[in-house]
Amino acid sequence: MRHFKTLLFHELKLAFHSWNTWATAGLFLTLMGTIYWFALLECSRSPQPWTPVEGTFKLFWLPLLCILPLLTMRSFSEERRAGTLSSLLTTPASIAAIVWAKFLAAWITWVTLWLGFIPFTLLVNLRLGSVNEQRLSDPSVLIGALSFIFMSGLLHVAIGILCSCLTRSSALAALLTFITLLGLTAAGGALESLPIESWTWLGWLREPAAHLRTFGHLQDFAAGVIDSRPLVLYITGNLLCLGLAVLAVEGQE
Amino acid sequence: MTEPTTQPVAAVVAELLTKRYGSLTAIEDLSFTVAPGEIVGFLGPNGAGKSTTMKILAGTMAGTSGRATIWGESVSLNPAAAKSHLAYMPENNPLPDDLRVEEYLTLRAKLKNVESKNVQARVEKVMIDCDLIRRAKGRLIGQLSKGFRQRVGIADALLAQPKVIILDEPTIGLDPHQILGIRDLIRSLRGQMAVLISSHILHEVEQVCDKVVIINRGRLVAQGKTEDLRRELLPNAVFKLTSNTPLAQLLEICLPIESATKIEIQENLAGGWVRYQITIPTQSAIRENLAAHLIKAGVALREIAEEHYGLEDIFLAATRRTTNDGLKN
């Protein structure tokens, strides 16, 4: 536990002192600000069934696929390339402590990036405070959507960490993360759009589909519905990925 | 840090260590020990398996079979305890370029179980010992010269005052002044911690180490004190002498005293002088007073000296022996 704390603080310090993180944060906020701007424009032109925050979070897959791999790609691959991972493994710190510290640091960075979106909504509320639109300043949607991001982030960031363990190349790690997250998000979306209910021979897919409907999870969270199934999915997925990451590091060294 | 109740007989034990990569055998049945406080040189030609052995002992690579212990703790069965007694500096000494020296050493001290209240003091101490305090303390590691990077690696190894230090080529790429500094530093560890050091610079090993372990093609070819190995691997003493006495007369003088004496002409010099090489068994009684015998027999001597066999000769004899054995097999 002592090593975990030391490693976590070290990883956080590295993350927030790295130009890579700040460049990624700049990219993220530009992307989210632009999406939010267009969502506001849409809502101002004609009434929409969604709030600007909901509209923005519906495109959460964009930063997920483009930004998250940039945050996790270097965590292990860079250390393996430089040889500093071997050196770290000669200390009494366990591989599990190293993996968990790197994961938690990346997850905290991911969460911090999303928290950086809150000022956009505050600014809009400040600027458009006189507009009589209750949904514009309703914080529950924002809280719900952010909760989804934080929960799903447990799995998504763990996937990034696992991919980074598998290669010495940061670029390849980012690509692997991108493909895996794309597969996971698209699979959920695709299964949701299929008329599984009417295909009896695909009945066995009903349960997995219900678990993987990522966009459905976002809607549930934003609406304040807490379903235990996505929580179990994200937590067990996280444990599985990090367990595999520990084995991958052990195997390679 | 785990403190064993008694000091083990051997600080490092390698017992029948074997490492195979598919059909390639990197090391085979390698056994040796390092006593507490002893400095041992680990020698072998390139590709002999030195780094592989060191990695297995440091716990960063698993062996195929055999047993390795550090301060009585099994490296494979109890890695955390073994690592708490060990510091390892790998060959290329990988360091994070984006950390400052003090920052890096502080992190390493915490990871190596140095007590929180002692971390700052230990970091200061090793920076002083490794001459980092004035010129490198606050600098980024990525901006340091090769010599300073090596010093950071050694400072890291000394941080937690381990019982065992394994240094893989610690002086590679350093200039003579830096080599001298690091050699003195390693020498100062004698009696305090067991040091296993691999190096291609045999002169350096001879100067620093109490004992050497020589491997070739993954197998142990010799181990022991330099003097013992000299006796074992180089059984003959060689004298160079310059005289104007003919070869036949020299043989007449020497053979009755030592029948195994061999004399060869090395070079004919001006004025009838000849440079000879006389080979006699190391254990021979004549070795100690050859010059006196020759003078007593009326041999005119201009020069006589016994050739000094260094570690280089021992290393070459040991590796040549196994290479020849391998060729015969």
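Begin by selecting α10 of chain A together with helix α13 (residues 214–222) of chain A, whose axes come within 7 Å of each other and cross at roughly 140 degrees. Because angles over 145 degrees would count as roughly antiparallel, this value leaves α10(A) oblique to α13(A). If you turn the view to look across the pair, the crossing in which α10(A) passes α13(A) is right-handed. Keep in mind throughout that this is a predicted model.

Next, show the side chains at this crossing: α10(A) contributes A:V141, A:G144, A:A145, A:S147, A:F148 and A:S152, while α13(A) contributes A:T214, A:H217, A:L218, A:F221 and A:A222. Coloured by class, the residues of this contact divide into 6 nonpolar and 5 polar, with no charged residue among them.

From there, follow α10 (139–165) of chain A onward to the loop that lies between it and α11 (170–193), and select A:S169, which sits in that loop. Is A:S169 buried, exposed or partly exposed? It counts as partly exposed, because 16 C-beta neighbours lie inside 10 Å of it, whereas a buried residue would need 20 or more.

The mean pLDDT of the chain is 86, and 88% of its residues reach 70 or more. Where in chain A is confidence lowest, and where is it highest? The lowest mean, 70, belongs to helix α12 (residues 206–212) of chain A, and the highest, 95, to helix α8 (residues 95–115) of chain A. Where pLDDT is low, the predicted coordinates should not be read in detail.

Now move to the contact between the two chains, which takes 18 residues from chain B and 14 residues from chain A. On the side of chain B that touches chain A, select α2 (79–84) and α3 (101–111) of chain B, the elements that give two or more residues to it. By class, this side of chain B has 10 nonpolar, 5 polar and 3 charged residues.

Finally, display chain B as a whole, where 11 helices and 14 strands can be traced. Along the principal axes, the C-alpha atoms of chain B fill a box of roughly 75 × 45 × 40 Å. Of the 329 residues in chain B, 41% are buried. When contacts in chain B between residues at least 6 apart in sequence are drawn, 70% of them join residues at least 24 apart.

Notes:
Residues are numbered from 1 along each chain as its sequence is written. Chains are lettered from A and ligands numbered from 1 in the order in which they are written. This is a predicted model: local features need pLDDT of at least 70, side-chain atom pairs count only at pLDDT 80 or more; totals for chains, interfaces and linings use all residues. Helices (H or I, at least four residues) and strands (E, at least two) are DSSP runs, numbered from the N terminus. A residue is buried if 20 or more other C-beta atoms lie within 10 Å of its own, exposed if 12 or fewer, and partly exposed in between; C-beta atoms are placed from the backbone. pLDDT is the predictor's confidence in each residue, from 0 to 100. Two residues are in contact if their C-beta atoms, placed from the backbone, lie within 7 Å. Ala, Val, Leu, Ile, Met, Phe, Trp, Tyr, Cys and Pro count as nonpolar, Asp, Glu, Lys and Arg as charged, and the others, Gly among them, as polar. Axes are lines fitted to C-alpha atoms, for helices over the stretch in contact, and angles run from 0 to 180 degrees between N-to-C directions. Angles under 35 degrees count as roughly parallel, over 145 as roughly antiparallel, 65 to 115 as roughly perpendicular and the rest as oblique. A crossing is left-handed if the near helix is turned anticlockwise from the far one by less than a right angle, and right-handed if clockwise.
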